[in-house]
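Student: Hi! Could you walk me through this one?
Tutor: Happy to, let's take a look together.

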Amino acid sequence: MTIVVTGGSGFIGSALTAALLEKGHTVVVIDQRAPALTHQNLYFIQCNLEADLLPFNVLERTDAIIHLAGKPIFEKWTEKVKQAIKQGRVEATRHIIQSLERTTTRPSIFISASAVGYYGEAGDTELDEKSPKGNTFLSDVVQVWEAEAAKAEQFGCRVVIVRTAPVIGTGGFLAPLVRLARFWLVFKLGRRDFWQPWIHLEDIVRVYLFALETSTLQGVVNAAAPTPVRHSELMKHFAKAVKRRLLGALPLRLVKFLYGDFATEITTSQKVYPRRLLDKGFTFEYTNVEGALRSITHEKK
């Protein structure tokens, strides 16, 4: 297949691009920076999708689009950052839909990234794809983002929306924790022990491949390990994996100082369950958070 991957040079995109190439597909990466890898079946087009449509009629005779482009959210949120997070995701997706409208021989598959942030604060309630939307900033962003992606259906695309949990890998939400650990600083984010959804990088790549190859899968899927853990458990195993001591809990006011408005989002309780993926026969390689963290930090038993 010929597959366009927006954001293909990013954290998840790089791993997914490599996996697609290994399977023999041709990949066209659309991003603002070039991929780190090179391959005879890999092509790169520089484009800021937030500002422009897809260039060069790239969707003509393309088999699938995997849309990952978006500003990373794991940073301190100011009003300016929040606006960039929302605008970037919505506008980039809108420009893909507009590009589809102008294409004559269209791709048949559109797979779009999304986030479990859709569910907001849910306490101890188990969340599947039928659970209601939350009332946080991120849940509002996800609602608009997904609605834009769903418009691809009117152009004959099978649409899959991948609501992704925080990804355990050498980047993503672990990156700032790893940086702090270099200074022997490992803390829980506040004293409240909320439910923490997660997924290993290898498994999120496999979810995208599964969505690409499973013709009966469409609509929203939760990309989260079927074993959510309490935040305290995740941080305990993280500290062990990086050979540091868990020093306790940061006061919530300090979490808010470090993360701004994002502090509310990262301390919401979300017991997310990947019901639709499991019902379709998907199997997770990593269901134990300790093993997932150890695999990333190269720790051995």
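**Strands, then rings**

Tutor: Strands S2 and S3 (residues 42-46) run parallel and are joined by five bridges; strands are DSSP runs of E with at least two residues, helices runs of H or I with at least four, numbered from the N terminus, and strands pair at two or more DSSP bridges, that is, at least two. This is a predicted model, where local features need pLDDT of at least 70, side-chain atom pairs count only at pLDDT 80 or more, and totals for chains, interfaces and linings use all residues. Residues are numbered from 1 along each chain as its sequence is written, and side-chain values use heavy atoms, leaving out hydrogens and water.

Student: Which residue in S3 is the bridge partner of Ile-30?
Tutor: That is Ile-45. Ile-30 in S2 also stands opposite Thr-6.

Student: How many bridges join S1 to S2?
Tutor: Five, and S1 (residues 2-6) runs parallel to S2.

Student: Why is S2 largely enclosed?
Tutor: Five of the six residues in S2 (residues 26-31) are buried, so the rest of the structure largely encloses this strand. Buried means under 20% relative accessible area, exposed over 50%, partly exposed in between (1.4 Å probe, protein chains only).

Student: New topic: how many aromatic pairs?
Tutor: Eight, counting Phe, Tyr and Trp (six-membered) rings with centres within 6.5 Å; planes under 30 degrees apart are stacked, over 60 edge-to-face, the rest tilted. The ring centres of Tyr-118 and Tyr-119 lie 5.3 Å apart with planes at 90°, so this pair is edge-to-face.

Student: Are those two buried or exposed?
Tutor: Tyr-118 and Tyr-119 are both buried.
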